[in-house]
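Good morning, and thank you for coming.

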Amino acid sequence: MRLRRCATTGPDPRYGRNVTTNEVLAGRIPVTRVTPALPDHRWRPKAYAGEVVPFRATVFREGHDQVGAMLVLTSPSGATRRERMSPLAPGTDRWEALALLDEQGVWRWHVTGFDDEVATWRHDAALKVDAGVDAELMFEIGARLVDRAVAEKSRPTTARRRLKALATALRDPGASVADRRTLIDDPALAEFEPRPLAKLATDSPEHEILVERRRTGVGAWYEFFPRSEGARRLKDGRWKSGTFRSASKRLDGVAAMGFDIVYLPPIHPIGVTNRKGPNNTLNPGPQDPGSPWAIGGPLADGTAGGHDAIHPDLGKLADFRAFVRRAKALGIEVALDLALQASPDHPWVTEHPEWFTQLPDGTIRYAENPPKKYQDIYPVNFDDDPEGIFDEVLRVVRHWMKQGVKIFRVDNPHTKPLAFWERLIAMVNADDPDVVFLAEAFTRPAMMQALAMVGFQQSYSYFTWRNTKQELEEFLTSVSQETADFMRPNLFVNTPDILTEYLQFGGPAAFTVRATIAATAVPLWGVYSGFELFESVARPGAEEAIDNEKYEYKPRDFAGAEKEGRSLALYLGILNGIRAAHPALGQLRNIRFHASDDDSVLVYSKHLAGRFTPTGVDDTIIVVANVDPHSVRETTVHLDLTAIGLTPGTRFEVEDLVTGDRWDWGDTNYVRLDAFTRPAHILHVVRGSHG
């Protein structure tokens, strides 16, 4: 039953007149603190197709009678499902049901709290019968409850037949009290789990959750500069740029490593004015290509092109379309960079000077992110002509959508108005709900989270700077539990701007460990080209690679490195293969941490119950990683077996999915992790072992 909120009016003896009281918000069975929910209720929570979402509520009542809770879900197509909720920690009155949301669109849901008559009877009967008090009365009360259920024609015939036999047995005068005591736990009572005898049923308000396409929550990204793929230095010292045709050859290698998204930095004409030289210097040579993020420059015919144009060195629009088609044939989607800024040579600067900030000396303010300065970039001022800017950006996004692009990596969205993004993403997704926006916003948590709440489907994160066991446990707990209702972290291990000290000085072990954690801890992760070659030399005093690819061509000999054993490509392919084979790794919210006796050994599991897997068999992955890339660690791992669907004390077999080794494991296990040979285990629990 759904209780109305209504004001009540009646006589008040103190004043001799009618008074109106506040509306009653609490139901007969209170249902409070329902989740998923956002910190700000102006926006709705979200999930991705195939995600297993925990729905929770606080349900309680006065007195000692037992209560129950039922999750009621209505899919976008109108199908209704009911999931019985289970109690969480004793004394908290918190209830939970896990539900796999398998249909894209807006789901509606509420929680029904109710007086659970059968549970109350079982609780009271067990206590009284064991104490020798009112045994016959308790058996009769139980029999009458069962009689009511038998009379309900909506129940399955087989269940009604079993319940009828149970009622007869409860009333059997020839059976001893001890014999009938076992009937309080009779298997026939399982019928009341999905279809309880519910009294005083009270619904929570109706809520919504948006389910987006699976790619919004699961994917492996690979970033490369198309101009570097196939680039070569000519005999006279000049460079010949790579093209989309030459870059398409790299797609085979990307596909072989198992990546399903290729992200391209801006592919547009690059400004000449204030162009940056190698390592962000201000004195470029005539052949330096400049930063792709300085968008807007000369086309082949000498006119200026902007965000809807392709750099002439890369080819023509038809070449880009061919690149997208080739990627699609390999199972790869192409993601483009959306950077709302302009070089001094962008057409916007002359056509729409009001879109930029004019300084008192008549110049236009260039971009800064202290201590970094970007003299080759003008940031957009969104306040003087917001409608004009919005219309232009929407036009640009739709232009690239027509070329087959459905994923946009947005550069520095935190430097643009939040309302702009909310409106843009809503309008684009109204056109095509499959379009994905990734927010590259390394900024304060309030803005990062707000961007996710207003519509960004994915977010960069602080992962690159979380390296110790404690840091990683705190970070991964936060992104998988505290913000998972609205924010999906994409764990890039490196970027053209980020080469952490951990990678600079950790050697190959650091690269292996970071890739292992990023690929298995959450369903979204990413790699910038060169990571697989262990590129670790930074520009002095900076946290980015020397000879940065943002400012120059950087062709790489991937095949030669693999042949000489200087490549992590094979391992990256193994990681992505493991991800594809194990549905537990396609979930965000199911990570659980376990103890080890070493502060440098991180242990976590990802478990997915069989009712949610394609095979119907539980899928469990255990990751044990040595986060100290300079040492060998020997320690004991202590597993919470209940977190992986096993009973404490169970012995089971695990298989290392990288090496194929198998071991007999239990609650407590010895591990040895050598940073120089094998810094991590990715273990699969072999179900059915040990009988």
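**A strand and its neighbours**

In strand S32, Asp619 has Leu608 standing opposite. Before I go further, please note that this is a predicted model, in which local features need pLDDT of at least 70 and side-chain atom pairs count only at pLDDT 80 or more, while totals for chains, interfaces and linings use all residues. Residues are numbered from 1 along each chain as its sequence is written, and side-chain values use heavy atoms, with hydrogens and water left out.

Strand S31 (residues 601-608) and S32 run antiparallel and are joined by eight bridges. Strands, at least two residues of type E, and helices, at least four of type H or I, are DSSP runs numbered from the N terminus. Two strands are said to pair if DSSP finds at least two bridges between them. S32 also runs antiparallel to strand S37 (residues 680-686), with five bridges joining them. There, Ile622 has Leu683 of S37 as its bridge partner.

How many residues of S32 are buried? Eight of the eight residues of S32 (residues 619-626) are buried, so the strand is largely enclosed by the rest of the structure. Buried means under 20% relative accessible area, exposed means over 50%, and partly exposed lies in between, with a 1.4 Å probe and protein chains only. In a regular strand the side chains alternate between the two faces of the sheet. In S32, Asp619, Ile621, Val623 and Ala625 point one way, Thr620, Ile622, Val624 and Asn626 point the other way, and all are buried.

**The chain as a whole**

The chain has 15 helices and 37 strands. Its C-alpha trace spans about 105 × 75 × 45 Å along the principal axes. Of the 691 residues in the chain, 54% are buried. Among contacts (heavy atoms within 4.5 Å) with a separation of 6 or more, 73% are between residues 24 or more positions apart.

**An open sheet and its loops**

An open sheet is formed by four strands in the order S3-S5-S9-S8, with antiparallel pairing. Its edge strands, each pairing on one side only, are strand S3 (31-35) and strand S8 (86-87). Within this sheet, strand S5 (residues 51-59) and strand S9 (residues 94-101) are antiparallel and joined by eight bridges. Glu51 has Leu101 of S9 as its bridge partner.

The loops next to these strands hold two details of the backbone. The peptide bond from Thr35 to Pro36 is cis, with omega near 15°, and Pro36 lies in the loop between S3 and strand S4 (46-48). Asp93, in the loop between S8 and S9, has a positive phi of about 60° although it is not a glycine. Asp93 is partly exposed, with a relative accessible area of 39%.

**Cavities and a pocket**

Finally, where is space left inside this model? On a 1 Å grid over the protein atoms alone, a cavity is a set of points where a 1.4 Å probe fits but cannot get out, whereas a pocket is an open set with protein on both sides within 12 Å along at least five of seven lines; lining residues have an atom within 4 Å of a point. Grid points are joined across faces, edges and corners, and a volume is the space filled by probe spheres set on the points.

The whole structure contains five cavities of 30 Å³ or more. The largest cavity holds about 120 Å³. It is lined by 17 residues, and those closest to its centre are Asn494, Leu499, Tyr528, Glu535 and Ala545.

The second largest cavity holds about 50 Å³. Strand S19 (333-338) and helix H9 (386-402) each supply at least two residues of its lining, which includes His268, Asp337 and Trp400.

The largest pocket holds about 1000 Å³. Of its 37 lining residues, Asn369, Tyr374, Asp411, Asn412 and His414 are closest to the centre. Strand S21 (367-369), strand S22 (372-374) and strand S24 (407-411) each supply at least two lining residues, and S21 gives the most, with three.

Thank you for your attention.
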